[in-house]
Structures are given as structure tokens and as C-alpha cells.
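Dear colleague,

Please find the structure below. My notes on it follow directly after.

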Amino acid sequence: MKRKILFLSLALLLPVIVFLFLKKFGRNRFDIPVYHKDSVEYVVGCERIFKAPYIISDSVASEIGWQGKEATLISFAEIPSEGLMRLKEDFEPSQLQIVYSNDLAVARLKCMFLVSEKYSAVLVDGKKQIRGYYLLATREEADRLVMEISILLKDY
């Protein structure tokens, strides 16, 4: 009988101890990836040249009017009005820059941002690193974008 009480006490006490330990020493944090951080075949004018960690070049940044904000969304297609309104409501213009590429530059910029045909937007951080690819026509992708921008602004 004493054994049962001891095991029952331990079974009830152990989750409380784990909870208190995690509450005191744990950190609830989500990371978003840095794409092409280790290496990628570097592209210049859509020609592959060599392998290196990838960041957006200064010439491309100036072409899109990059302002060095912590989060820049480059869209290669029209953002659905619901998604655009949500982005403008959730983030201040000082936090998020939204860039629409014009029709003439879409193919070249998609190449420079390493965007495959299935995606319509790319998220770039303040260090000119690619942080995400999105298909903004779907609600799930728009939700993921908003969440990842929030994480980017909070943690980086």
C-alpha cells in the first residue's frame, strides 16, 4: 500500500516539477529559417557562377527600392485584398516594406530571389537574407506569412 501511495505521489508531483522548471528556465521561442544560408549556386543575371551563402545583392536591393527594414515582402503577383489589408493592419509601415515587382522585371527578379514558379512572394530580412517563400493566394500561406513576419520583427 505504501508503494502505491509513493508511486501515485511521484506521478502527480513529477509533472508539477517539470512545469515549474520549464516556467523558470525555459524559453518558448520559434525560429524561422534563413534560406540558402550554407550555400547556393550564386546567380548573377540568372547565370550560375559559384557556391556561397546567399544574400540579396546591393544592385537588386536598389532596383526594388529596398529600405533596409527588418522585414521586406517582395510580391511577384497581386496580393489578394484581404491579405494586403491584413498586412497593413498588423504591421506599421516602419516595420514592413511591401514591394511589388513590375511585369518587366518579374522573371529577372524571380531568378535573383531564387523563387520557383509555385511561389508568388518572398520575405527578406534586414540583413538581405531570404526568410520565406509564399503563395499568397491561399489563406494558410497568408497566415504563415503574418506569423513569420511577427517572429522576425520580435526576435531579430
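How exposed is Asp90? With a relative accessible area of 41%, Asp90 is partly exposed; here buried means under 20% relative accessible area, exposed over 50%, and partly exposed in between, with a 1.4 Å probe and protein chains only.

The model is a predicted one, in which local features need pLDDT of at least 70 and side-chain atom pairs count only at pLDDT 80 or more, while totals for chains, interfaces and linings use all residues. Residues are numbered from 1 along each chain as its sequence is written, and side-chain values use heavy atoms, with hydrogens and water left out.

Salt bridges

Asp90 forms a salt bridge with Arg86, the closest N and O atoms being 3.9 Å apart. A salt bridge is taken as a side-chain nitrogen of Lys or Arg within 4 Å of a carboxyl oxygen of Asp or Glu. Both residues lie in helix H3, 4 residues apart, about one turn of the helix; helices (H or I, at least four residues) and strands (E, at least two) are DSSP runs, numbered from the N terminus. Arg86 is partly exposed at 24% relative accessibility.

Glu82 and Arg139 also meet through their side chains in a salt bridge (2.5 Å, N to O). Because Glu82 lies in helix H3 and Arg139 in helix H5, this pair ties together parts that are 57 residues apart in sequence. Glu82, Arg86, Asp90, Arg139 and Asp143 are linked in a network of salt bridges.

Elsewhere, the side chains of Asp58 and Lys128 form a salt bridge (2.2 Å, N to O). Asp58 belongs to helix H2 (residues 58–64) and Lys128 to the loop between E5 and E6, so the pair ties together parts that are 70 residues apart in sequence. Asp58 counts as exposed at 56% relative accessibility, whereas Lys128 counts as buried at 14%.

Helix H5

The end C-alpha atoms of H5 (residues 139–155) are 24 Å apart, which agrees with the 24 Å that its 17 residues should span at 1.5 Å a residue; the expected span is 1.5 Å times one less than the number of residues. Buried residues of H5 include Glu141, Ala142 and Leu145. The buried residues of this helix pack against strand E3 (71–75), helix H3 (81–90), strand E4 (96–100), strand E5 (121–125) and strand E6 (130–134), contact meaning heavy atoms within 4.5 Å.

With kind regards
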